[in-house]
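Subject: Structure handover and notes

Dear colleague,

I am passing the structure below on to you, together with my notes. Please read the two side by side.

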Amino acid sequence: MAKIKSVKSNTEVYAEIIADIASRAGPAEIEGAELLGKNPDKSRIIKDNDVHAYVKSDNTVDIDIYLNILYGYNIPDTVCKVQIAIKKAIEKETCYTVGEVNVSVVSIIVDETDDTPVIVHDFGDEETDDVAKSEEENA
């Protein structure tokens, strides 16, 4: 009996190429974002890779990408920059139009080697000044 080989369709090959373009364009170019695969301590594995491309019949592409954001970076700004970079790269390098770029932030990566203290909120001297003023008024 002859074995049937699994042959990928053109759409599957295109999707892999587009996913590769997206993984190189977004996180590689934008500071503060990295793919899950770059973090050795990742606790969540997304199938075989962190980027998925879906080629539609109307020559549009939707992208799903899973990222880690480095601590200290503005998450909405970083995600927006990643979306723009991916859209520009795919539309420049292929004949497809990007429909959606869905970015899922999986975790925030904190640099363990950084010894600078983390300040959640710095009240400064405002609070102590207010307490001192109220004590002076009461005295």
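This is a predicted model: local features need pLDDT of at least 70, side-chain atom pairs count only at pLDDT 80 or more; totals for chains, interfaces and linings use all residues.

Residues are numbered from 1 along each chain as its sequence is written, and side-chain values use heavy atoms, with hydrogens and water left out.

Strand β3 spans residues 60-70 (helices, H or I of at least four residues, and strands, E of at least two, are DSSP runs numbered from the N terminus). Of its 11 residues, 10 are buried (buried means under 20% relative accessible area, exposed over 50% and partly exposed in between, with a 1.4 Å probe and protein chains only). β3 pairs (DSSP must find at least two bridges between two strands) with β1, residues 33-35, through three antiparallel bridges, and with β2, residues 51-55, through five, also antiparallel. β2 and β3 form a hairpin with four residues between them, and Asn59 in the turn has a positive phi of about 60°. With β4, β3 runs parallel over 11 bridges.

The structure holds four salt bridges (a side-chain nitrogen of Lys or Arg within 4 Å of a carboxyl oxygen of Asp or Glu). One of them links Asp20 and Arg24 at 3.3 Å, both in helix α1, residues 10-29. Arg24 also meets Glu93, with the closest N and O atoms 3.9 Å apart; because Glu93 lies in helix α2 and Arg24 in helix α1, this pair ties together parts that are 69 residues apart in sequence. Lys87 and Glu91 form a further salt bridge, at 3.3 Å from N to O, and both lie in helix α2, four residues apart, about one turn of the helix.

Finally, Val105 lies in β4, residues 97-109, and is partly exposed at a relative accessible area of 33%.

Best regards
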